[in-house]
Amino acid sequence: MIGETVRRKEDLRFLTGKGRYVEDVSFPRMAYLGFVRSPHAHAHIKRIDPSDALKLPGVIGVYWGDSFPEFNTTLPALMGTASSGVTYSDPTKLVPHPVFPAHVTYVGEQVAVVVAETPYAAADGVEAVAVEYDVLPAVTEWAEAIRPDAPQIHAGFPNRIARLSHSIGNVEKAFESADFVIEKRFDTASLKCIAIEGRGVVARWDEVTSSLTIWSTTQMHYATRDKVAQTLGLAQDQVRVIARDIGGGFGLKGGFYPEDIVAAILTWHLKCPIKWTETRLEHMLSSNHSGRQTHDVRVAFDKNGVISAVDLKLYKEVGAYCHFEMMLATNTVNHFPTHYKIPNFRVEGWGILTNTACASPYRGAGRVEAVFSMDRILDAVGREIGLDPVQVRRRNIVTVADMPYSSGLIYRDGVRVTYSGLNFEKLLDTALERTDYEGWRRRQRDWRAQGRHVGIGIGSYVEAGGIGPCEGATVSVDQSGRVKVKVGVNSQGQSHETTLAQVCASALGVDYEMVDVIGGDTSALRMGFGTGASRVAINTGNAVHKASLTVRRKVTSLAAKVLGCGEGEIEVKNGFVGLRGSRQEFLSLAQLALASQRHSAMAPLGGPGLESTEFFYPATVVWSSGVNVAVVEVNPDTGKVEILNYVFVHDSGKPLHPLVVEGQLSGGFAQGFGMAMGEAHRYDREGQLKTATLLDYYVPRAADVPDVDFVHLSFPTAENPLGIKSVGESGPNAPPAALAAAIEDALEGCIQITELPISWTSILKGLKDLHARNGRQETT
Amino acid sequence: MSVHNITITVNGVEHRAEVEARLLLVHFIRDHLGLTGSHIGCDTTQCGACTLMMDGKAVKSCTVFAVQADSTAVTTIEGIGREGHLHPVQEAFSVHHGLQCGYCTPGMVISAIQLLERYPNADEKQIRDQLEGNICRCTGYHNIVKAVRAVAETV
């Protein structure tokens, strides 16, 4: 059952249009919200005049700032993902983030809200609200924001709002004695998640029961529950947050957004159900983005290409508020070495405010930036001394003999980073063999003579997954024999209803068809910590496993009493209890569940019912890893890049469901591909968003994404009872590095790719230089 | 804003309604008829999540006014297969894991049905080209292409 490719339980409703996404939730007398948003990146609000809006048919009211006392609250930072131990960050004073700020700090920030009887009336109302602004100078790039004469974005807070630092070994000494030192700057553009479903919320206050129900697209439904309860002075169990069918999240639905609080406050005051869903334009303007990141790197190495030191300065644009402190940069630091040894490593990094929407984790969450730098550094080292990129990697790689290997890094849960049971050489060898690296090099030599530009590039990643604090599950057998698994996380497409059912079926001894998984509902389980950081399979998977085993023990104990035998004689299989040996007597779990209601044997077993709630606390993160090899051809006339071959070798531990694992890699790969080939969320100097629609922001289409050859390895881990690892954020990490390296190789060093996305104009320039070097006649 | 009487047959059932001129077909289908299987994912006709059949042609219903659909026959995802009797494209999507969050899926299925009507033996390149108008962010298209190819091969 575990490790089988079973049909997904989610598929039937999604394929027939019967999913219930937030926009599908409807109630009589529902009112709709439209947000008036700032057209300026930095401004004080002088005056809001709703009078024209209030005259429009269907408009119920216009609210802002002090319309209701509950609006005077602060959005919570670090949405339940706070690091619990020693991290690299200096203590940080965070800017309070009001729901309706009087001081606007990004284009698209909410200024007022229109409540109307229909969504079209709400949109009409938004256009009719008149707002006067005192426009202030905006700053949208970190280099501008840290200048001494830069406008201060928030009074009382420096633009350089957060700092981290860490040091391993003696970097200065290593640089002094190095044979070679190179310096590079790497820059990665900010990205939007572009989940096909935007954010949304429905909030409904029930006067009779004094309870509030919220349907949300959030990835953090318990944090939403707690913040809303706190804001309205309600008990936690008076607020129920349902976050079930969600159309993609990728991390960015994990932030806490003002609209979630506004909808809750409005339903409470206006006593009617409230709905809001964002348009794609609103998504581009006001939903979070990943945050541009720049690395200034100095690398010391010897004449054999062995790296002795890396000195890293890291600049992270965090947007107008610093919700996630230095979490993303910390991830970058802890993933930076990937498969390689950096005996002396020093990093200093800053989170820098800009007049843009807020930055928050997007699939990879700092890992991709780390991989891009490390692989580009290795390729640069190789180029400097004339060494093949494979050889450079072999000379710096952490070998099996080196493990368990602690580099001196400390994960954000406070535990030292340790690689154990991993085999980076095997990943590299497998990838090179699968792609036939030697064959491509031979063909490359021949094709170069014919004027074809073909290149090969390597990307190597690690992914830490399964961070705590914990996750739980309640497993119970119903009197019908169906098994309910209630969990504290929710799915945005990761197939939890399927994989967690597989785990339960295996551990409990029932058929997969009989298991129903319920997540994404704060009334299902008392606590959960969110879907993100590739933590669900490990945490919730093992909690389901634990709870299923406990129920199985109850089943065995009760059955032994009912059948009058020893517990060792009991067998549980396919939802039935039987006896080992010749005695042919069976009980169904349904019968046992009924029996458990009144049987005294349940007294020491926790009371009536075949039910158990267990929580799994991981010791620390578990490491997945992989190697990608890309072979590309650059068209000599157009500069268009065609991918001739792409091999993706990975270890994600024991797969719960092989096709789900491959699906996660495939989707992640497409996002990494997009990051390399054109995705960029960009603002102009005044803070106007230049990529506000899907016409301007590139998203890979079916015709763009190449066929990928996935090779699945499985390095065993004993770090959790199920022996599993994560895969959610493995896909996007290596493609940008592999593709950049391949394009550079194709253009024989006439291009140096240090920025993402890779620009077509730089490819064209590289082509021109290459042709000039080769003496090829150009036709213009 | 002018108001118009329209008659649209949806999944075989005739509906008469009075609608504003500016009402989008996708909003009519979702909010007036309660058929929420067609989804909205963008505002520039890029993503294809709203794709449905109108008089046999796959169209993006966010870019059609309800009044333009007057006197037409529309088929939404709710009119394609049902539990126990899935359309071969729906079945193939499930077998090959061509969906994850499910949000782009109804539009993707309708586009796939249309492309197979036009190119019954579509190869991988044709499938990828024909699905250019449907964006998926979860699957990376790998298994969507596999699923459609599997149906093409059975023809």
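Which helix of chain A gives the most to the lining of the second largest cavity? Helix 17 does, with three residues.

This is a predicted model, in which local features need pLDDT of at least 70 and side-chain atom pairs count only at pLDDT 80 or more, while totals for chains, interfaces and linings use all residues. Residues are numbered from 1 along each chain as its sequence is written, chains are lettered from A and ligands numbered from 1 in the order in which they are written, and side-chain values use heavy atoms, leaving out hydrogens and water.

**View 1. The second largest cavity.** This one has a volume of about 100 Å³ (a cavity is a set of points on a 1 Å grid over the protein atoms alone where a 1.4 Å probe fits but cannot get out; lining residues have an atom within 4 Å of a point). Its lining counts 17 residues, with A:L191, A:Y362, A:R363, A:A365 and A:E369 nearest the centre. Helix 10 and helix 17 (658-677) of chain A are the elements that give two or more residues (helices are DSSP runs of H or I, at least four residues, and strands runs of E, at least two, numbered from the N terminus).

**View 2. The largest cavity.** Here the volume is about 190 Å³. Of its 23 lining residues, A:R13, A:R244, A:D245, A:S491 and A:E497 sit closest to the centre. Helix 1 (11-15), helix 14 (496-508) and strand 21 (515-518) of chain A each supply at least two lining residues.

**View 3. A:E384 in helix 10.** A:E384 belongs to helix 10 (residues 367-385) of chain A. Leaving aside residues up to four places away in sequence, A:E384 touches A:F180, A:I182 and A:F301 (contact means heavy atoms within 4.5 Å).

Note on methods: On a 1 Å grid over the protein atoms alone, a cavity is a set of points where a 1.4 Å probe fits but cannot get out, and a pocket is an open set with protein on both sides within 12 Å along at least five of seven lines; lining residues have an atom within 4 Å of a point. Grid points are joined across faces, edges and corners, and a volume is the space filled by probe spheres set on the points.
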